[in-house]
Amino acid sequence: MTSGNVGKRQRQHIIERLLGDEAVSSQEQLVELLAERGVSATQATVSRDLDDLGAVKVRVGGGAGVYAVPVPAEERAMGDDYLRRVLSDWVIDIGRSANLVCLRTPPGSAHVVGSALDRAGLSDVLATVAGDDTLLVVAAEGSDAGALAARLRSRAGLPPESPAPAGKEI
């Protein structure tokens with residue numbers, strides 16, 4: 001999966017994902033989980049990474065302690081208001097085709113909108129791909145891309161998409 005030669009930031013990103021997906025109760029377990037993914041790290045390195053990430057041990061069912069990375073307060077505060085502000089500030093137009101939603105932005109701004117959508121953690125968004133002035137949003141399997149596009153248009157303060165006139169094809 002991954003080369004053993006990953007950088008610190010990459011390793012910490014993998015650790016964050018692991019802590020979100022697995023019940024990790026010890027640093028040794030985390031070293032093993034990293035090794036299973038092809039990432040070599042010592043217990044001391046993992047300890048420093050957990051400290052850098054602000055990971056804490058929390059009690060789960062049955063009283064067992066597992067590591068978790070708390071969401072920073074500024075990200076919790078951002079929530080829907082932050083996404084709404086980014087969309088209204090940077091999105092010019094939104095269209096869709098099948099399970100894809102296309103957002104247009106001013107040049108050099110698509111990554112800002114993509115990052116805000118990624119951080120929002122919308123359940124019907126599988127992925128975002130940002131270019132310079134265009135952001136492609138892939139709707140998750142079983143999601144309604146039309147409803148997603150309409151919701152994003154509303155949050156961006158754009159008028160509802162008007163249907164194309166009958167008989168008009170380009």
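Predicted model: local features only at pLDDT ≥ 70, side-chain atom pairs only at ≥ 80, totals over all residues.
A residue counts as buried when its relative accessible area is under 20%, as exposed when that area is over 50%, and as partly exposed in between. Ala-147 sits in helix α6. Its relative accessibility is 38%, so Ala-147 counts as partly exposed. In sequence, Ala-147 is 23 residues away from Asp-124, while the C-alpha atoms of the two are 9.7 Å apart in space.

Now step back and look at the whole chain. The protein chain has 170 residues, and 32% of them are buried. Its secondary structure comes to 6 helices and 6 strands.

Helix α1 covers residues 8–21 and helix α3 covers residues 43–53; their axes come within 10 Å and cross at roughly 75 degrees. An angle from 65 to 115 degrees counts as roughly perpendicular, and α1 and α3 are therefore roughly perpendicular to each other. On the α1 side, the contact is made by Lys-8, Arg-11, Gln-12, Ile-15, Glu-16 and Leu-19, and on the α3 side by Thr-45, Asp-49, Leu-50, Asp-52 and Leu-53. Sorted by kind, the residues of this contact are 4 nonpolar, 2 polar and 5 charged.

Is Asp-49 buried or exposed? With a relative accessible area of 2%, Asp-49 is buried. Apart from its neighbours within four places in sequence, Asp-49 is in contact with Lys-8, Arg-11, Gln-12 and Ile-15.

Helix α3 has another partner as well. Helix α2, made of residues 27–36, packs with α3 at an angle of about 105 degrees, and the two axes are 9 Å apart. This angle makes α2 roughly perpendicular to α3. Here Gln-27, Glu-28, Leu-30, Val-31 and Leu-34 of α2 meet Gln-43, Val-46, Ser-47 and Leu-50 of α3. The contact of α2 with α3 divides into 5 nonpolar, 3 polar and 1 charged.

Next, turn to the strands. Strands of a sheet pair through backbone hydrogen bonds, either parallel or antiparallel. In this model, an open sheet of 4 strands has the order β3-β4-β6-β5, and its pairing is antiparallel. Strands β3 and β5 (125–130) stand at the edges with a single partner strand each, so one side of each has no neighbour in the sheet. From one strand to the next, the twist averages 20 degrees.

Strand β3 (residues 93–97) and strand β4 (residues 100–104) are antiparallel and share 5 bridges. Across this pair, Ile-94 stands opposite Leu-103 of β4. The hairpin of β3 and β4 has 2 residues between the strands, and in this hairpin Ala-98 takes a positive phi near 55 degrees.

The next pair is β4 with strand β6 (residues 134–139), which run antiparallel and are joined by 5 bridges. Here Arg-104 has Thr-134 of β6 as its bridge partner, and Leu-100 stands opposite Val-138 of β6. Helix α5 packs on this sheet, where it touches β4, β5 and β6; the direction of α5 makes about 25 degrees with that of β6.

At the other end of the strand order, β5 and β6 run antiparallel, again with 5 bridges. Val-125 stands opposite Ala-139 of β6, and a hairpin of 3 residues joins β5 to β6.

Let us take a closer look at α5, which spans residues 110–120. Which of its residues are buried? They are Ala-110, Val-113, Gly-114, Ala-116 and Leu-117. Seen down the axis of α5, these buried residues fall within an arc of 165 degrees, so they line one face of the helix. Just after α5 comes Gly-121, with a positive phi of about 65 degrees.

Our tour ends at α6, the helix that holds Ala-147. Helix α6 (residues 145–156) lies across β3, β4, β5 and β6, and runs at about 180 degrees to β3.

Terms used. Residues numbered from 1 in each chain as written. Heavy atoms only, no water. Buried < 20%, exposed > 50% of the residue type's maximum accessible area, 1.4 Å probe, protein only. Arc of directions from axis to C-beta. Pairing = 2+ DSSP bridges. Axes fitted to C-alpha atoms, helices over the stretch in contact; angles between N-to-C directions. Contact = heavy atoms within 4.5 Å. Parallel < 35°, antiparallel > 145°, perpendicular 65-115°, else oblique. Nonpolar A, V, L, I, M, F, W, Y, C, P; charged D, E, K, R; others polar.
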